[in-house]
2 protein chains.
Amino acid sequence: MAISLHQPAFSAHSTFLSTNTTATNLPPNHHLRLPLSFRCNLSLTSNSNPEPEPVYSSVKSFAPATVANLGPGFDFLGCAVDGVGDYVTLKIDPQVRPGDVTISDITGAGNSSKKLSKNPNWNCAGIAALSVMKMLNIRSVGLSLSLEKGLPLGSGLGSSAASAAAAAVAVNELFGGKLQASELVLAGLESEAKVSGYHADNIAPAIMGGFVLIRSYEPLDLIRLNFPTEKNLFFVLVNPEFEAPTKKMRAALPGEILMSDHVWNSSQAGALVAAVLQGDLVGLGKALSSDRVVEPRRAPLIPGMDGVKKVALEAGAFGCTISGAGPTVVAVTDNEEKGREIGEMMVEAFMVGGGLKAVAMVKKLDTVGARLVSSISR
Amino acid sequence: MAISLHQPAFSAHSTFLSTNTTATNLPPNHHLRLPLSFRCNLSLTSNSNPEPEPVYSSVKSFAPATVANLGPGFDFLGCAVDGVGDYVTLKIDPQVRPGDVTISDITGAGNSSKKLSKNPNWNCAGIAALSVMKMLNIRSVGLSLSLEKGLPLGSGLGSSAASAAAAAVAVNELFGGKLQASELVLAGLESEAKVSGYHADNIAPAIMGGFVLIRSYEPLDLIRLNFPTEKNLFFVLVNPEFEAPTKKMRAALPGEILMSDHVWNSSQAGALVAAVLQGDLVGLGKALSSDRVVEPRRAPLIPGMDGVKKVALEAGAFGCTISGAGPTVVAVTDNEEKGREIGEMMVEAFMVGGGLKAVAMVKKLDTVGARLVSSISR
């Protein structure tokens, strides 16, 4: 598989490169260099490309957590949240067969990281790394990868996408950042397809940052929705100790829906996109809360969800819904301190209404996406 | 019935007032004064408002044609098109019972205007005029109204909405422009409900201009989507000699749709809104063409439609779909001359594929909406 882009060439992350650079040193408007729309066409092969030389002996990358669906944006909209996500350290390793990758270590996320396979063909980070190596036509260098999970598995915060995004960016940057963001999304999508289903609403924002609308898959067509930087948007993310397997959450959805519900949800999807682009926080919250198709079927599967949403809105959140396939619940507000108060009330409501322990965090929008955080020159 | 607005007060058209002022003298960015979102609450009564004095003895107003649905924006999105629409002349008439309106004359639109009732309770313009008079609490003045149809009936170009919008604005301006745009939309909606169904996707853009998203009806919540003024957007509108009654077109729609079609259309609705706000003409066209829910059911009811769409796209249109409930077909392009070529080919395709005569016009976006075009002081 290989790719041609119908967009002016740009390197998604090439300006990030410098030894020991941290993400916080990035220019704040870096993301504005991204074109608004990305399209990929899989008709060409990349094997004709010359194999690039590695630029670093080792890189460390980070990819953020993501909130997919956002109510009426079911299966086509997601956004990245700042300051929580996964890290990948990637090294040139002469012990590893050239063109291959091994997973040396998986840490973090409590015991749940032990569930993850170290076979790169069955690990999100491994699959994405191999996919990018194939795109770049890497045949002479072997890599070893270490994954540090900052996100719990199956939380509805794009855990698998964060691993895949961090790995994809790490490989790309190690070899000089030749690939564009949309190509890395395709690599991540290959990983998502094997691990949690063929959907890009986590992997696209995990790689690109901000809000991303997935317009189509064939060809992959992504629309970056720039939220006005001057607006204060805070996500309250409340994660209960409860397993909500994506499979079960997907099975809860009907094969058909009422035309009237379709019209309603479509209009709310349009309103959601307008709210993001116009920086209308109240409108964003309203759209988030408006889903009549997916949330009504999934909420009953998360103990206490209805009460959690209710207290979030009562406490002043602009809107509230399930993050991804759950069980994390997401609310939005314009004030960090208020976000903490809302979060505390939601945690309490999870215990009262669902008998579930939960933890809350308040996060800003991540507008950068997956990035290099440090590197060691050769 | 009466209204309270949850938005900063503004008079939608009060700056338009001057004797013999034409719409072309309006400031080009006039519409930017509109707030992004309008909400109406019907819980208060207006009867407590003092009855306003008439400011003019006579006014003439214009309201533009509108394109509703726009593919995946079915039933919640519409836009106004420049230079074609209906005119209303409204006069203070001592012969008319105070608080009432009579329709003195209906002209234009060939023979089809003869189909229109002169009973104000059964005429779109009459209903809207009476509704605005009620909102303003007019009890001491009688009015006579003359309607000049610039739009054919049942064409899918918002003919009834244009009449209602022109009448609503005329009454409001005659009495000093006290009501806001969203209130006039409510008056027009009362008219639409009686004549063609309770939907605001024609009446809202006919009154407000530009693109308008109808977020909800209870309360009425409208989102103005500002298309970047520097972009060239042309609508190619091809109207065949064929009757496509709204009722029949509505009956063609299913009660339920596939979840997969819902997700697809919702994502295209989001993409459509993004394209409008970002001024992305290619993306707008693509969204217009993408409907998998409504157009596939309605297109077979318009003879030749498939071929018309095909040649429009082959001729370089960015996108093409049914305007409103049809039979007019709308295509978009960025060049007026090209628009005319596309229109000619579409007209030919209607004859070849559907045996229908058709006429084409190329129009820009109307960003002003219904307005006063002239007035005579008392």
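**Helix packing and the A–B interface**

Tutor: In this predicted model, the crossing of α2(A) and α3(A) is right-handed.

Student: By what quantities is the packing of two helices described?

Tutor: Two packed helices are described by the angle between their axes and by the distance between those axes. Here, helix α2 (residues 159-174) and helix α3 (residues 181-195) of chain A pack at about 140°, and their axes lie 9 Å apart.

Student: Which residues of α2(A) and α3(A) meet?

Tutor: From α2(A) come Ser160(A), Ala161(A), Ala164(A), Ala168(A), Val169(A) and Asn172(A), which meet Leu184(A), Gly188(A), Ser191(A), Glu192(A) and Val195(A) of α3(A). By class, the residues of this contact comprise 6 nonpolar, 4 polar and 1 charged.

Student: How much area do chain A and chain B bury between them?

Tutor: The two chains bury about 3,100 Å², of which 62% is on carbon and sulfur atoms. On chain A, 39 residues are in contact with 39 residues of chain B. Arg215(A), Met259(A) and Gln278(A) supply 23% of the area that chain A buries against chain B, more than any other three residues.

Student: How many salt bridges and polar contacts are found across the interface?

Tutor: The rule finds 2 salt bridges and 13 residue pairs in polar contact. One salt bridge joins Lys286(A) to Asp221(B), with the closest N and O atoms 2.5 Å apart.

Student: Which elements of chain A each supply at least two residues of the side that touches chain B?

Tutor: They are β7 (211-217), β8 (220-225), β10 (256-258), α6 (259-278) and α7 (281-288). The largest share, 15 residues, comes from α6(A). By class, this side of chain A has 22 nonpolar, 10 polar and 7 charged residues.

Definitions and conventions:
Residues numbered from 1 in each chain as written. Chains lettered and ligands numbered in written order. Predicted model: local features only at pLDDT ≥ 70, side-chain atom pairs only at ≥ 80, totals over all residues. Heavy atoms only, no water. Axes fitted to C-alpha atoms, helices over the stretch in contact; angles between N-to-C directions. Helix = DSSP H or I, 4+ residues; strand = E, 2+ residues; numbered from the N terminus. Left-handed = near helix turned anticlockwise from the far one by under 90°. Contact = heavy atoms within 4.5 Å. Nonpolar A, V, L, I, M, F, W, Y, C, P; charged D, E, K, R; others polar. Buried area = accessible area lost by both parts, 1.4 Å probe. Salt bridge = Lys/Arg side-chain N within 4 Å of Asp/Glu carboxyl O. Polar contact = N/O pair within 3.5 Å; in protein donor to acceptor, adjacent residues only side chain to side chain.
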